[in-house]
Every structure is written in structure tokens, then in C-alpha cells.
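This report is written for a reader new to the structure shown below. Please look through the chains before reading on.

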Amino acid sequence: MSELLRSYLTVGIFGVAAIAMAGAMLTIARILRPSRPTRQKLIAYESGVDPVGGDWAQSQIRYYVFAVLFVLFDVEAVFIFPWATRLEVYGVFGLVEMAIFIFILLLGLFYAWRKGVLRWV
Amino acid sequence: MEITTGWYLVLGAMLFVIGGTGLLIRRNPLVMLMCVELMLNGVNLSFVAMAQQLDDIGGQTVVFFVLVVAAAEVVVGLGLVVAILRRQPGATADDLSALKG
Amino acid sequence: MGSLQLVGFVGPSVNWWALLPQIILLGAALAVLLVSALAPQRASTVFTTVTTLCAALTSFVVALGLWSDVKADGPSSSIASAFGVDGFSIFFTVLILIGLATTALLSHGYLDREEMDPPEFHALLLCSAAGAIVMASANDLIVMFLGLEALSIGIYVMIAMHHRRSEARESAIKYFVLGAFSSAFLLYGIALTYGATGSTNLVHIRSYLDAVVFQDQHLLMAAMALLLVGLSFKVAAAPFHFWAPDVYQGAPSPVTGWMASIAKAAGFAALLRIFFAAFASHDVDWAPIVGALAVITLVIGSVMAILQTDIKRMLAFSSVSHAGYVLVAVHSASATGTSAALFYLFTYTLMVLGSFAIVGAMGPDDEHPLSRYTGLGRSRPVIAIGFTVLLLAQAGIPTTSGFIAKFQVIAAAVESESYFIAGVSMVTAVIGAFMYLRIVMAMYVVDEGEEGPRPIWHWTTSVVVLAAVGFTIIVGLVPQFLIEFARDAVPVLVRG
């Protein structure tokens, strides 16, 4: 067996052990505990407000815009990390480049803000 | 058994083909977007595997660019899908046939 | 991985002068967006159009400066050989800037009429133009890919910007899905090229392929096939053209013009740079495939065009067949063929922009039946004459630029002894001419007493049509200057 697969074997054993442990605990608890279900106990929030309506609701379109903006800026950060890990190597050149990059991103954010996309209503 | 670069390339090719097939046969616009992602990630995997094989950092940097481009592309795609679904709820690719073709 | 050491980092030398044309365009795009965010009432249609035109003009002047540099010092490249400055890149920069100015002028009347947002449209147009320039100048496959994506993503949104028409959104999503599909193919081709040659830089690829004889060519062949498929989608070459009619029909007319002219030209720029310049030593492998694509494209483009009844779909298939002629020129894999392709693209761009200017002015975009043009020759004789000239030029009638372009392409095919392909291009030229004549006949042959259409005409459209018609006729009569420009613009790969 190769070295690579052997290191995965450790992960595998860990996984099996974790599942077995959790499974054993839940099974033992199930055997030991008394079980007298009533309707009150089975609803989602036993001591809270009763749930109303179905579980399939339409979400607002503006949440989607937030998500899209988040994805965009999140992904752009991928360029900042490599630069940040070797900051001192790149010196002034890198600093100026990154300043231009972030400036353009900020312009995008500014545009979104002015267009009222960021308002949470 | 040794896991060589070839295996990663095969996996990348499989992801690419699955994505491409999915794009052609699935009719849900969102699933089609996912398939595009799958294709691009298959390519990314090939790039990384080849960079490892060639001992060249270039192939790994490419992945950064591809990731960002893919994100930009999918965001635009999602925007289009939402714009269409807002007018025609539950539209599939087959409903988009006002233009014959 | 090689260990990075903490010694002084030397960035790649950047020739900012060479990057100035697209930096100006991007700066203008950011400025337009900024103004629209800060003072929306100031960002009028006039303001945005003028900004775009000024940016195009400044960029144009810089490009001419670069051209004289290239003439004096020879081609060069910048950013670690990733960005080339040669006659080829400047040729396409000039072409793209002309297209940009034209599209900006055309959109001027259109945006007001159709109530679309001018700042966003122009910002996207500028970004898309910058992407096209990057694509045409890139000496690195990844830079080329980034340029392509900037070009395409701008176009996806521009098509969908029409609020009221569901056809526009439908056409946008079709173009988006197929565009993403073809980008993925292109990217996989780049990955395999990288695997086969060890670099994404065209200069390295060229020298590697010149030096190394492969024992096993499969990887490289697969790479070339995937690159070709990806780019064929972009330039709408058959059998990867099926999106073109739908998308051209659904998109707003100025955007259709931009797609048909500049997106196609940039796609061919990439095709020429990759295949003619970088894969030159393997032309026995790729030239036959390009030849086969060219024949299929020519036949499908010209035959299908005859069967259409909608003007925009007709022009879409005609643009497919034009892609076929350029492919014929690419197929010959010679300097003559390449300059013939460049000449063709230049003249074709002006013809197609002029045609879509008229189509856009002829009324709402929903459908453009041929009957809408019935009697145009009587109601608006000047417009009808302009449209006739542009259509006959596309058909390749002598004394127009289209004739010289087709002649050069066929001459290049004959020179490389591809008599079959030369024959096919001549036959399809005749078939295609029938379609153009049908539109011309519709404009002039009309029953007595029937009222012709009276399109809403904006003065910017007149400027564009006048320029396009003038250019088409001038190049048709004295083509020498453009032939020389195209001859000097054959791509070269220089290490920077």
C-alpha cells in the first residue's frame, strides 16, 4: 500500500471510530430513555409559538442581491491573500498594485451603495 | 497503488464531460449554471495537476484567475436567471422559445 | 515547488504606454459609473455618449503613436511577454475603437427610444471594448482568456438590459449558456496546451514547438481541437453557429452590431494569434480542420440565409458565411492569407455596423420581417441606396470593399493550392448574393401606390451609415492603403 493511501487509512479509521462512537451513544440513549410521545411534544418548538403555514416560502429578491455582492467581493479577496502572505517581498510595487485593485473594488461597492442596493429593508 | 498525475487528469476530464453533458441535457437554468461551474472546476483540477507534474507555479496561479472569472460569470448568469424567473415563474430552458431555434 | 527567497522582488517590466489604449477605456468606464452614482441627473445620454467617443478618440491617438513606434523600433512585448505590441495588435485596436465609436453613436438614439440606462450601457460597452483589445494583443493564453471573458460578460448584460422585451432576456441567457460552454472548452484547450508545452505563453509555446519533436502528439492535437471548438463558438462558425440567429434576433440592434462585428473580429484575432503565430510549426495538423470548418460554414451560412424571412436572422446567417470566408483565409496558413483575413475583417466590420445601424433605425426590435422594408426605395430613397450599397458589398459586387476582400481571400486559397476550397467560396458567394438581392428587390420592387415605411431616424445613425457607405466605396475604389496596413499587421511573437 502506498504512503498516500496509508495516510488516508488513518483518516478512515478516525471516521469509522467517530461514527461508531456517536451511533453507540444514541443507541444506548434510545434503549434506556422512557418514550411517551404526545402531540405537544412532537411539534417543532415544544415551548414556543406554534408553526404556521408550509415550510416552502418565497424569499425576497433583495437577499439574492446581497448574496451576489458577497460572492463577488469574497472571490476577489483571493487575489489579496497571496499578496498579504508575502507582503515584504513585493514592497512598494505590490502596495501600489494592490491599492489600485482595492480602489477599483471600492468604486464598485460605492456604486452599489449609491444605487441603493445595500439598503436592508 | 500509486496515484499519479494521470489520475487527476482523468478526474478533471470526467468532471468536464459530466458538466458538459449536464449543460446540454438539463433544462433547469440553475442546474445549467452548476454544470458550467463543474466544467470549469474540471479544468482547474487539470491545471493544478499539470502544474504539479511540470513543477511550475504558473498553472496554479491560473486557477486563481479562473475562479474569479467563473464567479463573475455565474453572478451575471444568476442575474439573468432571476430576471427571467421574475417574469415567468418556474421557467425551464424549454419555455424560452419565443425565438425559434 | 521552488522555494521563494526573501530577496528584492523584481516585478515584470511594464510598458504603460503600450497598455494606455485599454487603460483609457477602463478609466472612462469607471468615470461614467462614478458620475451615474454621484449625480444621476448629470449622467445623461449625451454625456455618456460624448465620454465614450472622447475615450475612443484618445485611445485611437495613442494607438497611432504606438503604430509609429512599432514602425520605427519593431514589435515588442510587455508584462513578461504576456502582452504584445505589434502591427497585429494595433490593427485590431484601431478596428475595435472604430467599432466602439460607431456602436456608441448608434446606441445614442436607441437608448433614448427604448428607455434603457445610458451610463450602465456605455460602461459595459467600454469594458467590453477593452476586453476585445486585450484579447487581440495578448501573447499569453490566460490573458487572452481574461480578455475574452471581459468582452463576453459585457455583452451578456448589454443584451439583457432591455427591460420590456422578454426576447432580449431569452437571447441573453442563450448567449450566456453557450458562451460559458465555449469558454470552458477554450479553457480546457489552454490547460492541455499548458500540459503539452509547459507554458501558457505563446512565445514559449512557439519556441518549444519549434525545438521539440513529439513522440506522441495526442495531447497537443486534443488541445488544438478544443481551442478551435471554443473559438469557433465565439466567431459563430458552423457547426457551432446555431446560437447566432436567435441571439442576433433577440438582442438590441446596436448590441447585435457589436457582437457581429467586434466580438467576431476579436475571436478571429485570438484564432490567428494562437494558430498562425504560435502553432505555426504544426500547420499540417490544424489547417485541414480549419479548411473543413470553412467549407461547412460557407455552405450552411449561405444556404440557410436564403430560407430566412426575418432580416436580422438573414444578417445573422450572412455573418456566419462571412466567418467562413475568414476561415478560408486562415486555412491557407500563410502571411498572404493572414493579411487577407485582416482586410476582410476590417471591411466586414464597417459593412455590418452600417447594416445594423439601418436595421436598428427601422423600428422596434421584436421582429424584422422582410415586408417592413417593402417600398423603402420610394419613401426614403437615400437610406435605401445606402442599404443597397452595404448589402451589395456584403455580396461582393465589384467597386465595393467586399469584392476586394473576397478576391484576396480566394487568391490566398489559390496560392496555397486549395482549389476545392477556393471553388466552394466562389459558388457560395453566388448563392449568398441571392439573399442580399432579395432584400434589395423588396426595397425597390413595389406595387403602384403602396406607401413605403418611414423609419424614425436619428442624426447619429446618418453619420454612421454615411461613414460606413463612404468607407465601403472608397476602399472598393482605392484599396491600396488598407491592403498595406493589413500586410504590415501579420502577427509576430517577440519575447519581452
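Which domains does the domain assignment of chain A give? In this predicted model, chain A is assigned domain 1, covering 1–41, and domain 2, covering 58–121.

## Domains of chain A

The two domains of chain A can also be placed relative to each other. Between the C-alpha centres of domain 1 of chain A and domain 2 of chain A there are 42 Å.

## Contact between chains A and B

Chain A and chain B each give eleven residues to their contact. On the side of chain A that touches chain B, helix H3 (residues 61–76) of chain A provides the largest share, with seven residues. By residue type, that side of chain A has nine nonpolar residues, one polar and one charged.

## Contact between chains C and B

Here 33 residues of chain C meet 33 residues of chain B. On the chain C side, the elements that give two or more residues are helix H5 (141–160), helix H6 (166–197) and helix H9 (243–250) of chain C. H6(C) supplies the largest share of that side, 17 residues.

The residues of chain C on this side comprise 20 nonpolar, eight polar and five charged.

## Helix H2 of chain B

Helix H2 of chain B runs over residues 29–54. Its 26 residues, at 1.5 Å a residue, should span 38 Å, and this agrees with the model because the end C-alpha atoms of the helix are 38 Å apart.

Methods:
Residues are numbered from 1 along each chain as its sequence is written. Chains are lettered from A and ligands numbered from 1 in the order in which they are written. This is a predicted model: local features need pLDDT of at least 70, side-chain atom pairs count only at pLDDT 80 or more; totals for chains, interfaces and linings use all residues. Two residues are in contact if their C-beta atoms, placed from the backbone, lie within 7 Å. Helices (H or I, at least four residues) and strands (E, at least two) are DSSP runs, numbered from the N terminus. Ala, Val, Leu, Ile, Met, Phe, Trp, Tyr, Cys and Pro count as nonpolar, Asp, Glu, Lys and Arg as charged, and the others, Gly among them, as polar. The expected span of a helix is 1.5 Å times one less than its number of residues. Domain bounds come from an automatic or database domain assignment.
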